[in-house]
Amino acid sequence: MSKEKSNEIPAFASIQNYINGNFHNPIQDHWIDNYNPSNGEIYGQIPNSSKEDVENAYIAAKSAFPVWSQTTLEERSRILIQISELLEANLQRFAEAESKDNGKPISLAKAIDIPRAASNFRFFGNAITQFASESHESVGQQAVNYTLRQPIGVVGCISPWNLPLYLFTWKIAPAIAAGNCVVAKPSEITPMTAYLLGEICTEAGLPKGVLNIVHGLGTTTGQAIIEHQDIKAISFTGGTATGAHIARVAAPMFKKLSLELGGKNPNIIFADCDYEDMLDTTVRSSFANQGQICLCGSRIFVEASIYEKFKKDFVEKIKDLKVGHPSEASTNIGALVSKPHLEKVKDYIEIAKAEKGIVLCGGNQVTVKGYENGYYLEPTVIEVPNDECRVNQEEIFGPIVTIMPFNTEDEVLQMANKVKYGLSATLWTNNLKRTMRMSHQLQAGIVWVNTWMMRDLRTPFGGVKASGVGREGGFEALRFFTEAKNVCIKY
Ligand code: NDP
């Protein structure tokens with residue numbers, strides 16, 4: 001696979017579990033249909049893995065752990081960087097697979113998702129060689145303390161469907177860099193690039209059993225991972241309800257948990273911002289990936305003095321966005337990930353109308369010629385009568401944003417914080433004092449000022465309140481995937 005393969009994913013593409021460096025059918029021979037969201041057709045099958053498959057993955061990981069955890073940092077780093085390079089060399093193939101599985105425009109997969117997945121391996125391959133531990137001299141007691149950062153053992157990584165390879169590798173890369181072995185489950189709805197990653201890992205020389213990928217339903221395969229007595233840490237990204245369930249299952253076993261959950265992020269626009277920059281970025285932060293990014297600014301609050309102008313300009317720009325087949329270069333908005341998700345998102349448009357929301361643009365399912373059964377929806381802007389209506393409080397996770405005006409800083413701060421979530425917030429202003437006041441008071445794990453989704457992999461990533469527990473990114477991720485042990489030596 002070192003040279004890029006130009007062949008497309010075959011029309012009917014079934015996949016297998018990747019266990020102990022080899023591909024296997026599920027033991028019970030149960031399978032799940034995989035749909036292509038752009039045309040609504042089944043294009044493959046994936047294993048519906050049972051507890052026994054998870055157990056086999058665990059056994060492989062456990063066997064690999066003693067050697068991998070003792071492999072030098074330079075060697076681990078070399079292999080991770082090799083995986084990164086192979087992903088880059090196979091960009092087109094991975095982008096096609098991601099787009100076909102998820103419905104996202106191929107241009108987005110090619111420019112963002114796959115390159116970022118490659119960056120995850122490169123970043124953590126380098127970071128592990130710089131991961132220093134602390135030492136403390138106990139002055140006057142003739143003793144020195146130092147902190148060991150030891151790998152945990154076998155860890156579980158479970159990821160969602162919206163940024164399939166990016167979020168999958170965001171967990172796997174730090175886990176294996178830190179010397180753990182992994183049992184991982186991607187979303188059952190978007191398993192294809194995780195499957196292809198297995199081939200890449202083998203080619204890069206990752207020892208057998210270090211990474212094991214088991215496909216299947218959350219309620220069976222995922223459940224078997226979180227219930228496993230000897231999988232000592234779970235890194236999970238997904239919905240808040242699933243996160244709460246995982247916390248309940250994991251707590252009695254004292255597993256380490258990192259939970260990256262839902263969001264309902266405010267995008268707060270003051271009149272003194274750089275207007276054009278704000279407008280263009282707000283289009284992106286509202287509808288990138290069909291609005292299916294946990295960081296999307298789905299609640300837009302605009303200072304009253306520029307509200308009418310913003311409303312007009314924003315709606316005009318949204319009307320220009322092209323909904324189309326994900327493989328077409330001109331497409332801005334691809335397909336939503338699945339039929340049930342499309343129906344859920346559409347329901348929210350009706351809920352908004354019932355709550356006296358005004359649909360300023362969009363609101364309709366779209367029929368794309370030649371792909372009549374695909375899951376397409378117009379980007380939709382809803383003017384809401386107040387911040388407490390359901391569309392302003394509940395995570396929709398689709399191409400819908402709400403807008404409403406505000407008058408004062410205090411008022412908008414209260415509205416921004418008055419949701420159960422606290423993942424990210426965006427602030428548009430050129431007023432330094434206001435920037436500082438608001439950034440410090442917004443209840444969110446990440447605040448962007450005059451930008452959106454600018455990522456630096458060294459920074460902590462995660463949410464507060466119902467958006468999660470713990471932080472990923474940079475050394476935070478390496479801390480999560482290691483146990484700290486203090487050694488105290490009297491001399
Ligand atoms: P889900 O919570 O439905 O699923 C996430 C993953 O968990 C999937 O692999 C799923 O499997 C699995 N799962 C489901 N039930 C269980 C279980 N009982 N035990 C173990 N695993 C289980 O989320 P979605 O896939 O629908 O993703 C969308 C959600 O993810 C949104 O709420 C979004 O905000 C959030 N998200 C958060 C991010 C963050 O960084 N905070 C980033 C991206 C998304 P299966 O696919 O088979 O159901």
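Predicted model: local features only at pLDDT ≥ 70, side-chain atom pairs only at ≥ 80, totals over all residues.
Helices here are DSSP runs of H or I with at least four residues, strands are runs of E with at least two, and both are numbered from the N terminus.

Residues are numbered from 1 along each chain as its sequence is written, and side-chain values use heavy atoms, with hydrogens and water left out.

Buried means under 20% relative accessible area, exposed means over 50%, and partly exposed is in between (1.4 Å probe, protein chains only). H325 has 10% relative accessibility and so counts as buried. Its side chain makes a polar contact with the side chain of S38, at 3.1 Å. A polar contact is a pair of N or O atoms within 3.5 Å; within protein, one must be able to donate a hydrogen and the other to accept it, and residues adjacent in sequence count only if both atoms are side-chain atoms.

W452 sits in another loop, between β21 (446–449) and β22 (464–465). W452 is buried too, with a relative accessible area of 3%. Its C-alpha atom is separated by 9.5 Å from that of M278, 174 residues apart along the chain.

**Rings that meet**

Rings of Phe, Tyr and Trp (its six-membered ring) pair if their centres lie within 6.5 Å; planes under 30 degrees apart count as stacked, over 60 as edge-to-face and the rest as tilted. The count comes to 11 aromatic pairs. One of them joins F23 and Y195 edge-to-face, at 5.2 Å centre to centre and 65° between the planes. Because F23 lies in strand β2 (residues 22–24) and Y195 in helix α6 (residues 192–204), this pair ties together parts that are 172 residues apart in sequence.

The rings of Y166 and W170 have centres 6.1 Å apart and planes at 25°, so this pair is stacked. Both residues lie in helix α5 (residues 164–177), four residues apart, about one turn of the helix. Ring pairs also link Y166 and W170 with F123, F124 and F461 into a cluster.

| Residue | Relative accessibility | Class |
|---|---|---|
| F23 | 27% | partly exposed |
| Y195 | 15% | buried |
| Y166 | 8% | buried |
| W170 | 3% | buried |

**Helix α14**

The buried residues of helix α14 (residues 432–441) are R434, T435 and M438. Seen down the axis, they fall within an arc of 100° (taken from the directions from the helix axis to the C-beta atoms), so they line one face of the helix. The face turned away from this buried side carries the exposed residues L432, K433 and H440.

**Around the ligand**

A backbone N or O atom of S159 lies 2.8 Å from a ligand oxygen atom, and a polar side-chain atom of K185 lies 2.9 Å from an oxygen atom of the ligand. For H245, a side-chain N or O atom is 3.4 Å from a ligand nitrogen atom.
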